[in-house]
Amino acid sequence: MWDLANLFRRYSRELQGYLRRRGVTADTAADLSQDAFVRLAQLVDKTPMGELPSNGRAYLYRTAINLQIDAQRRVRIVAPAGKIDLDAIVDPAPQPDELLISAEQLRLLERALMDVPEGPRLVYDLRMEGLTFAEIAERLSIPLQTAYSRLASVLMHLQTQLRKANEGGKRWPR
């Protein structure tokens, strides 16, 4: 049997932080986190033990994400009658000058990445593919701390190259 109180103590704050990083307010993150735990409790009550998900943490995260998506849909659907939200009408697509700046930055970063040695570049590429540091360390047979430091060196190199370009007369928005 799952110990729901222990799961709550272990993952409640972590889950709320994750939701905050996904762009919800602290209050909404707390509500969504609590709702995810309620759903887990309901699942435990009505499901035989052998059929429960094997990873409670993953279930909580997936449930919280689904609840966030549902909440965002409800907000979009319910609009006050008679009022028009002009921000909702404005095209969110980037302006042509923003696209040009982004393209220039991308080319600069691609050139800067070519200067990065193979080891750190491989860590960077794997991280951009979504692998965790533990997975990267295992795949490359390197210590976990080495994976962290290699990515940090790549990011510092890219930041330095962007800073040099900004100082060279190109003023990109930050």
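## Q72 and helix α3

Q72 lies in helix α3. This is a predicted model. Is Q72 buried, partly exposed or exposed? Q72 is partly exposed, because its relative accessibility is 36% and the partly exposed class sits between the buried limit of 20% and the exposed limit of 50%.

Now look for V24. Along the sequence, Q72 and V24 are 48 residues apart. In space, their C-alpha atoms are 9.7 Å apart.

## The whole chain

How many helices and strands does the protein have? The protein has eight helices and zero strands. Read along the sequence, the pattern is α-α-α-α-α-α-α-α.

The protein has 174 residues, and 26% of them count as buried. Contacts tell another part of the story. Take the contacts between residues at least 6 apart in sequence: 60% of these join residues at least 24 apart.

## Helices α1 and α2

Helix α1 covers residues 4-21, and helix α2 covers residues 26-46. Their axes come within 9 Å. The two axes cross at roughly 140°. The crossing of α1 and α2 is right-handed.

Which residues of α1 meet α2? On the α1 side they are L4, L7, F8, Y11, S12, L15, Q16, L19 and R20. On the α2 side they are A26, A29, A30, L32, S33, A36, F37, L40, A41 and V44. Sorted by class, the contact has 15 nonpolar residues, three polar ones and one charged one.

## Salt bridges

Side chains of opposite charge can pair when their charged atoms come close. How many salt bridges does the count give here? The count comes to three salt bridges.

E14 and R57 form one of them, with N and O 2.5 Å apart. E14 lies in helix α1, while R57 lies in helix α3, residues 56-77, so this pair ties together parts that are 43 residues apart in sequence. E14 is partly exposed, at 29% relative accessibility. R57 is partly exposed too, with a relative accessible area of 36%.

## Pairs within one helix

R73 and D70 form a salt bridge, and their closest N and O atoms are 3.6 Å apart. Why are R73 and D70 separated by about one helical turn? They are three residues apart in helix α3, so about one helical turn separates them. R73 counts as partly exposed because its relative accessibility is 47%. D70 also counts as partly exposed, at 30% relative accessibility.

Helix α6 covers residues 118-128 and holds both R121 and D125. These residues are four apart, about one turn of the helix. R121 and D125 form a salt bridge, with the closest N and O atoms 3.0 Å apart. R121 is partly exposed, with a relative accessible area of 28%. D125 is partly exposed as well, with a relative accessible area of 27%.

## Recap

Helices α1 and α2 meet in a right-handed crossing. E14 in helix α1 pairs with R57 in helix α3. R73 and D70 lie in helix α3, and Q72 lies in helix α3 too. R121 and D125 both lie in helix α6.

Conventions. Residues are numbered from 1 along each chain as its sequence is written. This is a predicted model: local features need pLDDT of at least 70, side-chain atom pairs count only at pLDDT 80 or more; totals for chains, interfaces and linings use all residues. Side-chain values use heavy atoms; hydrogens and water are left out. Axes are lines fitted to C-alpha atoms, for helices over the stretch in contact, and angles run from 0 to 180 degrees between N-to-C directions. Helices (H or I, at least four residues) and strands (E, at least two) are DSSP runs, numbered from the N terminus. A crossing is left-handed if the near helix is turned anticlockwise from the far one by less than a right angle, and right-handed if clockwise. Contact means heavy atoms within 4.5 Å. Ala, Val, Leu, Ile, Met, Phe, Trp, Tyr, Cys and Pro count as nonpolar, Asp, Glu, Lys and Arg as charged, and the others, Gly among them, as polar. A salt bridge is a side-chain nitrogen of Lys or Arg within 4 Å of a carboxyl oxygen of Asp or Glu. Buried means under 20% relative accessible area, exposed over 50%, partly exposed in between (1.4 Å probe, protein chains only).
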